[in-house]
Amino acid sequence: MDSTTTTTARGPDAGHVLPVTEQQTLQTPEPAATKEKGRSRWRIHPMRGMINDIRQRAPYYLSDWTDAWDYRVVPATVYMYFANILPALAFSLDMFQNTASNYGVNEVLLSSVLGSVVFSLLAAQPLVIVGVTGPITVFNYTVYDIMHPTGVDYLGFMGWIGIWSLILHWILAVTNSCNWLRWVTRFPCDIFGFYVACIYLQKGVEVLERLGHGPDFYLSIVVALLVFIVAYVCSALGTSSLFRHGVRVFLKDYGTPLTIVFFTGFVHFGRLQEVHLQKLPTGIAFEPTTSRSWLVRFWELSVGDVFIALPFAVLLTILFWFDHNVSSLIAQGSEFPLRKPAGFHWDLFLLGLTTGVAGILGLPFPNGLIPQAPFHTESLCVTRPVKQLDEKGNDKGDFTFEATHVVEQRVSNLAQGLLTLGTMTGPLLVVLHLIPHGVLAGLFFIMGFQALEANGITAKVMYLARDRNLTPAAAPLRAVARRAAVWWFVAVELLGFAATFAITQTVAAVGFPVFILALIPIRALLLPRFFSREELALLDAPTASDFTMEGIGGAWGGGGGGDPKLRIDRAEQVQREPRESQGGGGRDLSPAAGSAFRRRRGSSTRDGVFASPGSPRKSQEDMAELGRMPSGQSTTTRRSAGRRPSTTQR
């Protein structure tokens with residue numbers, strides 16, 4: 001017999017392997033099957049994503065409340081209250097001045113309450129903090145600049161934008177549009193984060209610019225710089241080796257809010273009180289800023305104005321689809337050892353609901369907050385010290401902090417929302433009215449600077465600017481063979497940021513969400529033509545872990561992740577895979593091999609804006625633990641122990 005017909009696979013499973021010729025025979029009709037499979041990739045299964053999100057998250061709903069019995073929930077709640085409300089107050093001043101007082105403090109606070117209550121009670125991703133962001137502030141006053149000359153009722157027009165956007169959000173949620181989040185990598189997220197950070201800095205300058213050139217202007221500059229310096233020093237001390245452990249924890253958790261409180265009173269010391277400073281404008285408790293009812297009269301607009309609102313709603317939906325989902329991805333990043341599944345489709349449905357309700361009530365539209373959302377997750381991390389080993393497995397004499405688990409619950413998000421609601425009471429509004437504009441400008445500066453400091457683009461720029469001889473051997477970018485590849489990748493990122501930022505300085509700023517969304521196909525289709533897969537694996541990385549992304553088909557890394565076209569139907573396959581039971585342990589959350597910028601506890605990269613309670617800390621008490629500290633480099637194996645599969649339906 002011809003040897004070509006009898007050759008079989010050798011090995012322990014040879015009895016179960018077909019001969020080579022027989023395998024080839026069975027593969028003959030595969031092109032037809034592949035063609036049919038290709039057509040199924042584009043078939044829409046309405047509401048499948050939402051139903052799967054509810055099925056996989058519902059078994060954890062009770063534990064989302066019982067797991068809140070943990071100390072980390074207390075500092076996380078206080079921290080997120082200030083981290084949410086302080087930027088909201090700064091944005092309220094910006095919108096108050098640019099929308100003829102249509103949006104003020106009460107509208108911004110109530111919008112944050114709406115988002116936090118709805119998402120903490122009903123969302124599949126309750127760790128995501130929802131509120132008023134910088135991009136939506138730009139969107140709101142740009143719409144005002146365009147529509148005010150026409151004489152149309154601004155809040156009624158915004159109400160129809162919210163209603164149209166509700167419909168569009170629900171269409172996207174029903175048609176499983178979040179499956180395309182697998183294409184979102186760190187590339188568009190870093191550009192968007194860089195843009196948001198620069199918006200913060202710009203707003204700080206604009207707040208001071210409107211004060212004129214009198215004594216109040218110069219005093220406000222001094223106060224703004226002092227707020228920035230003191231808040232930054234408190235944050236830096238929180239991660240240093242100075243002082244005792246308790247002092248550092250206090251400075252890191254509460255340094256920024258206490259700085260705001262101190263400098264609000266500082267301007268009343270001595271001769272400083274002789275300078276009249278402009279303060280944050282507030283209104284009546286639980287009442288709109290202007291004399292109107294909470295329900296806007298959107299039904300009084302003409303049919304033409306109703307349909308004019310539709311293009312604006314399309315742009316708003318594009319912005320929220322990207323901004324909120326990116327906030328969710330980063331809040332559930334690969335550096336966080338999460339054990340409960342995500343649910344993007346259902347949360348997009350809820351986002352449409354809050355957008356429509358906010359429009360009808362005349363509130364700024366709330367959505368996921370960057371960087372507050374990931375800071376919330378980080379503040380709930382429970383960490384342990386782990387010895388650092390060199391390549392040979394020897395102790396390097398240092399240690400880093402590694403997260404063992406996250407306190408995944410709904411109470412902290414709900415509690416900070418209820419605290420925000422309490423801020424709308426009369427006595428607290430009087431206190432808010434004491435905050436001078438210079439303090440708010442300093443808050444914008446510290447937010448912007450620390451957001452830039454933690455951005456991936458900044459990390460690459462600092463790598464390129466550093467002396468090669470002094471660059472650590474463990475620097476991830478040293479693995480890139482072509483240094484020019486790093487230069488070109490950074491240039492593309494800065495070009496994307498410049499285009500986005502430039503358009504927001506014009507009347508066409510309302511269209512900037514299109515530029516943000518265009519970054520996704522640029523990364524997926526254009527960059528692989530100029531960079532090798534190995535380079536992209538080091539220069540870019542998936543935004544979240546496979547565990548977080550499996551409900552939408554897994555992450556496409558774009559580097560070593562294979563052909564993205566072969567992953568288009570991953571969301572269909574994952575529905576047939578077994579899931580871990582509710583009571584099971586953690587999952588294997590080790591980051592992708594190509595993750596050049598994944599964060600580790602103890603990394604020198606700081607997560608700016610506000611100090612987060614879950615960040616690494618060193619102290620004498622910590623060093624005392626080193627005698628019984630594990631010497632491994634990852635807790636993945638330990639988290640994996642004891643896992644058992646279940647047949648939980650997706």
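Me: Which residues line the largest cavity?

Reply: This is a predicted model: local features need pLDDT of at least 70 and side-chain atom pairs count only at pLDDT 80 or more, while totals for chains, interfaces and linings use all residues. Residues are numbered from 1 along each chain as its sequence is written, and side-chain values use heavy atoms, without hydrogens and water. A cavity is a set of points on a 1 Å grid over the protein atoms alone where a 1.4 Å probe fits but cannot get out, and lining residues have an atom within 4 Å of a point. The largest cavity is lined by Arg57, Ala124, Gln125, Pro126, Leu127, Val128, Gln332, Leu338, Lys340 and Glu408.

Me: What is the volume of the largest cavity?

Reply: The whole structure holds 4 cavities of 30 Å³ or more. A volume is the space filled by probe spheres set on the points, which are joined across faces, edges and corners. For the largest cavity the value is about 60 Å³.

Me: Which residues is serine 111 in contact with, leaving aside neighbours within four places in sequence?

Reply: Serine 111 sits in helix H7 (residues 105-122) and counts as buried because its relative accessibility is 0%. With contact meaning heavy atoms within 4.5 Å, its partners beyond those neighbours are Val132, Leu363, Pro364, Phe365 and Pro366.

Key
On a 1 Å grid over the protein atoms alone, a cavity is a set of points where a 1.4 Å probe fits but cannot get out, and a pocket is an open set with protein on both sides within 12 Å along at least five of seven lines; lining residues have an atom within 4 Å of a point. Helices (H or I, at least four residues) and strands (E, at least two) are DSSP runs, numbered from the N terminus. Buried means under 20% relative accessible area, exposed over 50%, partly exposed in between (1.4 Å probe, protein chains only).
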